Amino acid sequence: MNYFVEGIQGSGKSTLVRKLSEKYPDCTVVMEGDYSPIELAWCARMSEAQFSDILEQWSDLRDQIRNKSHKEGSYWIVCYTQVKSENRDFYQQLENYEIYNGRTSFEEYKKIVLMRYKNWQGDGNIFECSLLQNAVEDMILFRDLSDDAILGFYKEVRCALNGKEFRIYYIESPDIEKNLNAVRRERVDRDGNEIWFNMLMDYFINSPYAKKRSLNKYEDLLLHLQHRQTLEMQICREIFGDKLTVIGSKAYDL
């Protein structure tokens, strides 16, 4: 069996992943930024030539980059956020090789994602945010797709996953603002600055979706997250209903 832990930011996905890993210690936990057989969040996907250029340009990080890179056919997958560097330019440059946030055409994006789901073979994995969050955010905020178009995409995902053993645990947040505020207080730097929340707001307000609609307030972010949760619940129930368990945020018995 494989487990997909899904839900919006602040719902408690990381906590549930930890509890599941304690309950099933033989399972492999795959978090965002880890090398995953199915998901590419926080990972760069680059050709052989692009990979060679990066190694040459960042020669002081070459060994680290190689240790965090995996060859898939003619492409390299680089878990760049796991490379330790004081130079922020490195992360900004590698981010440009991600497939999310409109950096690839939708047809190319679908081809990459669906092929990875189809080729995936394995069990005993606990995946955090590997099915919904990054893909749905990409399609809403950067491609401005309709809910129906996103549902259509996930119908193709379900076909690609046919024959695979998995269970989706979707954590539903009855009070999104309360959960988000709790995470805001937790994820601060040593000086109390809300680094995580500021990044989340910047990500939202600088997206094409938000700019097109002049959305730049905290309330706008909350409305977006509510819409996203409603859509993700619809996806889960209509397309993955036989694989789904919905649980309340921070209100469940493992």
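Reply: A cavity is a set of grid points where a 1.4 Å probe fits but cannot get out. Its volume is the space filled by probe spheres set on those points. Keep in mind that this is a predicted model.

Me: How many cavities of 30 Å³ or more does the count come to?

Reply: Rolling a probe the size of a water molecule over the atoms shows where empty space is left. Here the count comes to two cavities of 30 Å³ or more.

Me: Which residues are the closest to the centre of the largest cavity?

Reply: The largest cavity is lined by 14 residues, and E39, Y100, Y117, S130 and A135 are the closest to its centre. Helices α5 (106-119) and α6 each supply at least two residues of this lining.

Me: What is the lining of the largest cavity by class?

Reply: Sort the lining residues into nonpolar, polar and charged. For the largest cavity there are ten nonpolar, three polar and one charged. The lining of the second largest cavity divides into three nonpolar, three polar and four charged residues. M31, E32, G33, D34, S36, E39, L40, A41, E128 and S130 line that second cavity.

Me: Now a helix. Which residues of α9 are buried?

Reply: Buried here means under 20% relative accessible area. In α9 (residues 195-205), the buried residues are W196, F197, L200, M201 and F204. They lie on the same side of α9, because they cover an arc of only 130° around the axis.

Me: Last, the strands. In which sense do β3 and β5 pair?

Reply: Check the direction of the two strands, then the bridges. Strands β3 (residues 44-47) and β5 (residues 75-78) pair in the antiparallel sense over four bridges. One example is R45, whose bridge partner in β5 is I77. Strand β4 (residues 69-72) also pairs with β5 in the antiparallel sense, over four bridges. There, S69 has V78 of β5 as its bridge partner.

Me: How many residues lie between β4 and β5 in their hairpin?

Reply: Two residues lie between β4 and β5 in the hairpin. In the turn, G73 has a positive phi of about 65°.

Notes: Residues are numbered from 1 along each chain as its sequence is written. This is a predicted model: local features need pLDDT of at least 70, side-chain atom pairs count only at pLDDT 80 or more; totals for chains, interfaces and linings use all residues. Side-chain values use heavy atoms; hydrogens and water are left out. Buried means under 20% relative accessible area, exposed over 50%, partly exposed in between (1.4 Å probe, protein chains only). The arc is that of the directions from the helix axis to the C-beta atoms. On a 1 Å grid over the protein atoms alone, a cavity is a set of points where a 1.4 Å probe fits but cannot get out, and a pocket is an open set with protein on both sides within 12 Å along at least five of seven lines; lining residues have an atom within 4 Å of a point. Ala, Val, Leu, Ile, Met, Phe, Trp, Tyr, Cys and Pro count as nonpolar, Asp, Glu, Lys and Arg as charged, and the others, Gly among them, as polar. Two strands pair if DSSP finds at least two bridges between them.
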